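The following explanation is intended to be read beside the sequence and the three-dimensional view. Please keep both at hand while going through the paragraphs.

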Amino acid sequence: MTDKAGLRDKDLRYVWHPFTQMAEYEPCVIAEAEGAVLRDDEGREYIDAVSSLWVNVHGHRRPEIDEAIRRQLGRAAHTTALGLSNPPAIELAERLVDIAPGELAHVFFSDSGAAAVEVALKIAFQYWRQKLSGREPQRTRFLSLDNGYHGDTLGAVSVGGIPLFHEMYGPLTVDHLRAPSPYCYRCELTDSRPPACGMACLAAMDDILTQHGSVVAGVVVESAVQAAGGIITMPEGYMAGVADLCRRHGTLLVVDEVAVGFGRTGRMFGCEIEGVRPDLMALGKGISGGYLPVSATLATDRIYEAFLGEYSERKTFFHGHSYSGNPLGCAAGLASLDVFEHDRVLESLPPKIERMSGHLHKLARMSHVGDVRQCGMIGGIELVADKRSREAFAPDLRIGARVCEHARRFGVMMRPLGDVLVWMPPLCVTEKQIDTIAEATRESISAITEQTRCRVSS
Ligand SMILES: *Cc1c(COP(=O)(O)O)cnc(C)c1O
């Protein structure tokens, strides 16, 4: 048995992979990566079209980030943030506050996007119990969206709205309020598309808040795109509309920027697109450039101050993680922000976004492509059995997964969301690599939908 076969064998035997049916899993071992390219243990190369699940920002083995981590490694790999601090965490907190939207002024570090969301929920809940200007302890519920995704810990699952991931754990979760998703392609509220629909999804949220507003601790929404829900791009005016409803109904706006933060939308944060000013914001994924598990929850002064007092008042936020504020991760995060500045990364994106847009428009004409959606460097291609009726493929055909598997032959690594194909390449991706991703996508959609047609009709 060769070394490589031995590794794959051990992978199957010992590693339980996330979101993976292990009975069907076929090992694929990535041994190296550089820039936007992954290399497997047999030397095959693939463009990392989903940024290693939406985390990588400036490419793999980015010299500046590698060097920052090495430098920090020469000082300390980890020291606790419980009652202590370290230089990279302090500097990163300041830089995040500098670039954050609105009045966010304090940074609570954690180590995963889910944890950052849990922290936001617990802070929001506790805020109403101890805020200075009159307590409102009855505000214990959250309003979130159908198709929302905020991570896999139980609090985050409670505000999640993807049945395939979340239904199973219903009995373990807290019952929250749910508003319709701004999923225009499959909207059941109205037949018209925005702006003609008058944003029926927002009106539905307004109704829920009118009825239950006094018990709502916060409205929890992803920013700009419902990512894991199927790259559901929010219609123009939606985010600003949600922010306005929160203000009118006097509740907190909790924005989850874990997927879209750090340049994916073409702006540093999705909130900037419509000038949204959240009360709490969760960051993760790209915060360390995609290098190390760092996340953060940002809060305004108003919220932070509600937690200040004598120890005996029990206003402390009793929450933390062993690796909160990890110096290596924060050093990577600082280096990533430096790359944004030095390389003028955001300014480099418009031609790439346009390139993706051109390809998406062409793909939209294919007979099994029902809808294409784009927000900046994020693209979604929804495959359907019937274009006119928008009928979906039977889920068990696993069309999306098979198309992505097929794309590996063309040197492109993708992972779908059901039958929605996802493009979320590192921001350093070249226009030529975007062309390759698009070509592989087109060829693979053709091949797999053709196969399926033959199989269904034979
Ligand atoms: C991925 C994701 C999370 C969860 O982040 P993890 O680091 O996987 O826990 C939360 N919210 C959104 C919007 C995400 O895309």
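The paragraphs below treat the sheets, the ligand site and some individual residues in turn.

This is a predicted model, in which local features need pLDDT of at least 70 and side-chain atom pairs count only at pLDDT 80 or more, whereas totals for chains, interfaces and linings use all residues. Residues are numbered from 1 along each chain as its sequence is written, and side-chain values use heavy atoms, with hydrogens and water left out.

An open sheet is built from 7 strands with mixed pairing, in the order β4-β12-β11-β10-β7-β5-β6. Strands (E, at least two residues) and helices (H or I, at least four residues) are DSSP runs numbered from the N terminus, and two strands pair if DSSP finds at least two bridges between them. At the edges lie β4 (104-110) and β6 (177-179), each of which pairs on one side only. From one strand to the next, the twist averages 20°; axes here are lines fitted to C-alpha atoms, for helices over the stretch in contact, and angles run from 0 to 180 degrees between N-to-C directions.

Helix α8, residues 200-212, packs on this sheet and touches β5 (141-145), β6 and β7; contact means heavy atoms within 4.5 Å. The direction of α8 makes about 155° with that of β6. Within the sheet, strand β7 (residues 216-222) runs parallel to strand β10 (residues 252-256), and 5 bridges join them. Val219 has Leu253 in β10 as its bridge partner. In the loop between β6 and α8 lies Pro195, which is joined to Pro194 by a cis peptide bond with omega of about 0°.

The ligand comes next. Around the ligand stand Trp54, Ser112, Gly113, Ala114, Tyr149, His150, Gly151, Glu222, Asp256, Val258, Ala259 and Lys285, a residue being near a molecule or strand if one of its heavy atoms lies within 4 Å of it. Sorted by class, this shell comprises 5 nonpolar, 4 polar and 3 charged residues. In that scheme Ala, Val, Leu, Ile, Met, Phe, Trp, Tyr, Cys and Pro count as nonpolar, Asp, Glu, Lys and Arg as charged, and the others, Gly among them, as polar.

Polar contacts are pairs of N or O atoms within 3.5 Å; within protein, one atom must be able to donate a hydrogen and the other to accept it, and residues adjacent in sequence count only if both atoms are side-chain atoms. A polar backbone atom of Gly113 is 2.8 Å from an oxygen atom of the ligand, and for a polar backbone atom of Ala114 the distance to a ligand oxygen atom is 2.8 Å. From the side chain of Lys285, a polar atom lies 2.6 Å from an oxygen atom of the ligand. The ligand taken alone exposes 380 Å², of which the protein buries 82%; accessible areas come from the Shrake-Rupley method with a 1.4 Å probe, and for residues only the protein chains shown count as cover.

Another open sheet has 4 strands in the order β1-β2-β3-β15, again with mixed pairing. Its edge strands are β1 (30-34) and β15, each pairing on one side only. Strands β1 and β2 are antiparallel over 4 bridges, with Leu38 in β2 as the bridge partner of Ala33. These two strands form a hairpin with 2 residues between them, and Gly35 in the turn has a positive phi of about 55°.

Strand β2 (residues 37-40) pairs in turn with strand β3 (residues 45-48), in the antiparallel sense over 3 bridges. Across this pairing, Val37 stands opposite Ile47 and Arg39 opposite Glu45. The hairpin of β2 and β3 has 4 residues between the strands, among them Gly43, with a positive phi near 90°. On to β15 (residues 412-413), β3 runs parallel and is joined by 2 bridges; here Ile47 stands opposite Val412.

Two further residues complete the account. Leu53, found in helix α2 (residues 51-54), has a positive phi near 60° although it is not a glycine. Ala401 belongs to helix α13 (residues 399-407) and touches Pro416 and Gly418, not counting residues up to four places away in sequence. Between the C-alpha atoms of Ala401 and Val97, which are 304 residues apart along the chain, the separation is 39 Å.
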